[in-house]
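Thanks for picking this one up. Please have the sequence and the model open side by side while you read.

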Amino acid sequence: MTGIRMGIFSGGFFTTEAVWTALLVGGFAALVAAVAGVFTVMRGQSFAGHALADLGAVGGSGAFLLGVSQLWGFVGAGVLAAIVLEVIGLHRVRERDIATGIVFGFGLGLTALFLYLGTTLGHSSNQAVAVLFGSLFSIDPGVVGPVIGLGVLSLALVMLVSRWLSLEALDADIARARGVPVRLAGVLFMVALALAVELTALSIGAVLATALLIGPAACALQVTSRIPRAMWVAVVVGVGCTVLGIFISYESYAWSPGHRAWPASFCIVAIVFVCYLSTRVWNTVSAAMTRRRGVRRVGQVSERIREGN
Amino acid sequence: MTAVHGEREPIVRISDAAVVLGGRTVWSQVGFDVQPGEFLGLIGTNGTGKTTLLRAILGTVPLAEGSIQVLGHARGRGHDLGYVPQKVVVDPDLPLRARDVVALGLDGAKVGLPLRTRSTWERVERALGAVDAQDLSERRIGRLSGGQQQRVLLAQSLVSDPKLVLLDEPLANLDPASVQEIVALLGRISRERNMAVILTAHDMNPLLPVLDRIVYLAKGHAAVGTTQEVARTDVLTRLYGSPIEVVTVHGRVVILPASGAPDTEAVHHSEPVQREPLP
Amino acid sequence: MFAPFMTDTWIAATIVALVAGCVGVFVVLRGDAFLAHAIPHGSFAGAAGAIFFGLSPLLGMGLAAAAAALVIAVLSRRGRRDAVTALLLALLLGMGVLFLTLSGQYSNQAYGLLFGQILGVSKGELVWVVLLGAVSIAGIFVLFRPLLYTSLLPEMAAASGAAPGGMTVAFSLILALATTASVPIVGALLMFSLLVGPPAAACVLAVTPGRALVWSVCGSLGIVWASIAISFGTDLPVGFCVATLSGVSYAVARGWVRARRRMTQTGRPDLESAR
């Protein structure tokens, strides 16, 4: 089997160290993002999740200017933005998205400012570009340790508040009546979300952070409505898409014209999107089938009534 | 297309209809006509499919079987139809006054420059007046209380002089005095304009003075007729499939599971049962 | 500042402010801030693709924006709208990176689209910008009432014959048009800030939808003109000025309304005791 694979593909996938780092860091980031993503999608906070990814990049470029470690720029800006978003957080989704948009727009304005300051100080704009799009095959080994630490912290926070959030998803007033500290739960979850998003954005790029946060969780919630099971499905989908995407990206070097490897971020995002579309199609088809089966049951019920009369 | 609609034609004709949602049959074999000017109550406990029946009339829920004709069309849409859903959540910050909301009932579906004539505003004010809400005209819709919003939305559904109005639980969030007031108002408007009204309610008692007929939904089936015809021990026992007792106390209809009945699924939708001792 | 070489900048910025002010009111009323972010930023993929295939970036952006608008409108009919938007945006950005990689240039022009500067516009492009902008404003005016009705009371609107689904598609396409007109001149960031900030402030302050529209257009014109002046004087990036002023305008509007409400609330007992 391995021989055949080596025969078809270019080989060297599992023997390259950069690939192993990409698989480990990418897979771990996908896992953390998938778990946080389930509640993000359920609570309708996809926009906030995406905004946190880009706002972390603002901190990244700011840290670059100040000469601070990029890691702390990302995490600092992300957690700060998360707390701001939650504190101004209005309860109706419509208003919350507008407020998110305004904070987000302001943050992006800061990116423009930092870019400008950076270029006047003689840096190139490629730094910010790399922050936004990332590159899985050139992960700085120095970030691996902190990334794993922050990821574990994020997972622990999500687990800590998961029961509160489940009850709140049912109804905020019921949760409050049961003694759930709804406000605190919201803040803790936003911090967990920020950590998950920032570590993904830092290690593999802001674009991928959005895709890996929302995509697997959205797939999972199409398939099941039970929260623990949705988390498992999301993790499997997220890690699977990441591994497959890295593999395709690695192989694309061999068959792409001009030997320009397809970016891993594109490959992973495309696979995630295809997964989501398939679950949607699957759902539509199975719903249509139950409807047809349901009509037959109507017939049976009316039969019984007639007999009963 | 203006379908010629004779006075004798029913406004709504439902024949042998069934709806299946998520694999569950909500109700089946439902059939009745609604005549012009008729006041019809859809009565039943929570979860019996009253709202679904309204949506089926609107055409927003597909039928699994049977057919529904509204004003000569397959689905109820347009100027001749007013609708107030059960739960309308309005953001307090929307830049919209009560009169703007009512005006949308006249021209909200029309494409064109957003200019309104004096006669439009006069009709809007008349509709607000009909529900005693002129004083709310300039207030922001999101800042009104639930009952006030209900009145404005009712004015919105009446402003186009429809032939049929569908109201989903219009009495649910009102205090007893307002309930009486709104019921009297609806009865008067329905009579004066020869306008058919279909409304859902879990308790038929406040509506007894104005109801022409009721559709009683239970266990996936419907019983149709005047209150005297439907609110009877034998009819409802057959509908529920378990012994039901219908008692009239001080002119109020009370429906309870017959004593000793094994089926304890509560049918008590008249609160007075607890408060007033049975004679 | 009013030198001849700046004339085109002033004209272009004014058009953008008009378009964003009009379209933005419905972005706010519909709670579509995410869409207003995703379509301008996602259209970057179209520009990158057009560079790769050797087409006009304006055409590429237009196609990408329209496609994104349609896909989001169709998929979000039965799905979670925000999740669909996030996924499609990520896909578009990923495609943008792919095209840039394949065409072998980390094109500064394409990234300029994302972070936004007022770029040079040729006279030929300016014609298209005016045309597309005019069409999107006309669309907003002609569909004003059905858009308002379906955004605020979708069930009642459906009963009286306006189709909420159809209006969602129509509005998404108008947003795509407005994006295509504006992003090439001012960048995605500036467009996004203008679509959300001044309209949100206007909706907080105004009492009727018509007034919200007027205030929103005035606000975005003021912000854009002030930003160009500040940027000209201090050399700060225009995108930063617009984003900051937009955020500030919303915060001021909220604070003003809250202060006014508190004043009327403390005023009320006095009135009653006077009676």
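The points below go from the contact between two chains to a few single residues.

1. A word of caution to begin with: this is a predicted model. Please read every value below as computed from that prediction.

2. Start where chain C meets chain A. On the chain C side, 54 residues are in contact, and they touch 52 residues of chain A. Putting the two together buries about 4400 Å², with carbon and sulfur atoms giving 77% of that area. The size of an interface is often given in just this way, as the accessible area lost when the parts come together.

3. Which elements of chain C give two or more residues to the side that touches chain A? They are the helices α1 (7-29), α2 (33-53), α4 (81-102), α5 (108-115), α7 (144-152), α9 (164-205) and α11 (238-274) of chain C. The largest share comes from α4(C), with 16 residues. Sorted by class, this side of chain C holds 34 nonpolar, 14 polar and six charged residues.

4. How many salt bridges are there between chain C and chain A? The count is zero. For polar contacts between chain C and chain A, the count is three residue pairs, with both residues at pLDDT 80 or more.

5. Now turn to chain B, which has eight helices and eleven strands. Of its 279 residues, 55% are buried. If you take the contacts in chain B with a sequence separation of 6 or more, 61% of them join residues 24 or more positions apart. Chain B exposes about 12500 Å², and carbon and sulfur atoms supply 49% of that.

6. B:Asp16, in strand β1 (residues 12-21) of chain B, has a phi near 50°, a positive value in a residue other than glycine. B:Asn194 also has a positive phi, near 55°, and is likewise not a glycine. You will find B:Asn194 in the loop between α5 (176-193) and β7 (196-201) of chain B.

7. Next, a place where chain C reaches chain B. C:Thr208 sits in the loop between α9 and α10 (209-234) of chain C. Which residues does C:Thr208 touch, not counting those up to four places away in sequence? They are B:Pro95, B:Arg97 and B:Asp100. C:Thr208 counts as buried because its relative accessible area is 8%, and the cut-off for buried is under 20%.

8. Finally, have a look at C:Ile72, which belongs to helix α3 (residues 57-75) of chain C. With a relative accessible area of 2%, C:Ile72 is buried. Leaving aside neighbours within four places in sequence, C:Ile72 is in contact with C:Leu35, C:Arg81, C:Val84, C:Thr85 and C:Leu88. One more pair to locate on the model is C:Ile72 and C:Ile39: they are 33 residues apart in sequence, and their C-alpha atoms are 9.8 Å apart in space.

Notes
Residues numbered from 1 in each chain as written. Chains lettered and ligands numbered in written order. Predicted model: local features only at pLDDT ≥ 70, side-chain atom pairs only at ≥ 80, totals over all residues. Heavy atoms only, no water. Contact = heavy atoms within 4.5 Å. Buried area = accessible area lost by both parts, 1.4 Å probe. Salt bridge = Lys/Arg side-chain N within 4 Å of Asp/Glu carboxyl O. Polar contact = N/O pair within 3.5 Å; in protein donor to acceptor, adjacent residues only side chain to side chain. Helix = DSSP H or I, 4+ residues; strand = E, 2+ residues; numbered from the N terminus. Nonpolar A, V, L, I, M, F, W, Y, C, P; charged D, E, K, R; others polar. Buried < 20%, exposed > 50% of the residue type's maximum accessible area, 1.4 Å probe, protein only. Areas by Shrake-Rupley, 256 points an atom, 1.4 Å probe, with all protein chains shown as cover.
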